[in-house]
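Reader: Hey, I've got a structure to get my head around. Can you walk me through it?

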Amino acid sequence: MRIYKIIVRPILCYGSETWILTRREGGMFDKFERKILRRIYELKLDRDKCRIRYNQEIYMYRDIKTTSFINIQTLQLAGH
């Protein structure tokens, strides 16, 4: 998770303070975030079979959604 927070999220959200985030773009960011987190946490062994992690399992590990992070950044810029 440190790799995600230190490397991936800052690159993904670079310049996000000035973006107007639509519902479609927000869905794309959430989809990308789940894809990256699935790769970080890899497969799960379940009854001697490997399977990908479900969304609920991924949501346990993240602290804040990328779209929420971008909205907070936008509000912080507006406060200046």
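Predicted model: local features only at pLDDT ≥ 70, side-chain atom pairs only at ≥ 80, totals over all residues.

Reader: OK. Is D30 buried or exposed?

Author: D30 is buried, because its relative accessible area is 13%.

Reader: And where does D30 lie?

Author: In helix 2, which covers residues 23-41. Helices here are DSSP runs of H or I with at least four residues, strands are runs of E with at least two, and both are numbered from the N terminus.

Reader: Which residues is D30 in contact with, leaving aside its neighbours within four places in sequence?

Author: K65 and T67. Contact means heavy atoms within 4.5 Å.

Reader: How many salt bridges does the count come to?

Author: One. The rule asks for a side-chain nitrogen of Lys or Arg within 4 Å of a carboxyl oxygen of Asp or Glu. D30 forms a salt bridge with K65, and their closest N and O atoms are 3.8 Å apart. This pair links distant parts of the chain: D30 is in helix 2, K65 is in the loop between helix 3 (55-61) and helix 4 (66-78), and they are 35 residues apart.

Reader: Why would two side chains like that pair up?

Author: Side chains of opposite charge can pair when their charged atoms come close. As for K65, its relative accessible area is 33%, so K65 counts as partly exposed.

Reader: Switching topic: how many aromatic pairs does the structure hold?

Author: It holds one aromatic pair. W19 and F29 form that pair, which is stacked, with 5.7 Å centre to centre and 20° between the planes. Rings of Phe, Tyr and Trp (its six-membered ring) pair if their centres lie within 6.5 Å; planes under 30 degrees apart count as stacked, over 60 as edge-to-face and the rest as tilted.

Reader: Where in the chain are W19 and F29?

Author: W19 is in the loop between helix 1 (2-12) and helix 2, F29 is in helix 2, and the two are 10 residues apart. F29 counts as buried because its relative accessibility is 15%, while W19 is partly exposed at 30%.

Reader: What does L21 touch, not counting residues up to four places away in sequence?

Author: L21 touches G26, F29, T67, I70 and N71. L21 is found in the loop between helix 1 and helix 2, and at 25% relative accessible area it is partly exposed. The C-alpha atoms of L21 and T67 are separated by 8.0 Å, though the two are 46 residues apart along the chain.

Reader: Which ring does the charged end of R9 sit over?

Author: The ring of F69, at 4.6 Å from its centre. A charge sits over a ring if NZ of Lys or CZ of Arg is within 6 Å of the ring centre and within 35 degrees of the ring normal. R9 is found in helix 1, and R9 is buried at 9% relative accessible area. Leaving out residues up to four places away in sequence, R9 touches Y4, D63, I64 and F69.

Reader: Nice. Which residues make up the largest nonpolar core?

Author: Five residues in all: Y4, I36, L37, Y41 and I58. Helix 2 gives the most to this core, with three residues. A nonpolar core is a set of buried Ala, Val, Leu, Ile, Met, Phe, Trp, Tyr and Cys residues joined through side-chain atoms within 4.5 Å.

Reader: Last one: how many disulfides does the structure hold?

Author: Zero disulfides. A disulfide is a pair of cysteine sulfur atoms within 2.5 Å.

Notes: Residues numbered from 1 in each chain as written. Heavy atoms only, no water. Buried < 20%, exposed > 50% of the residue type's maximum accessible area, 1.4 Å probe, protein only.
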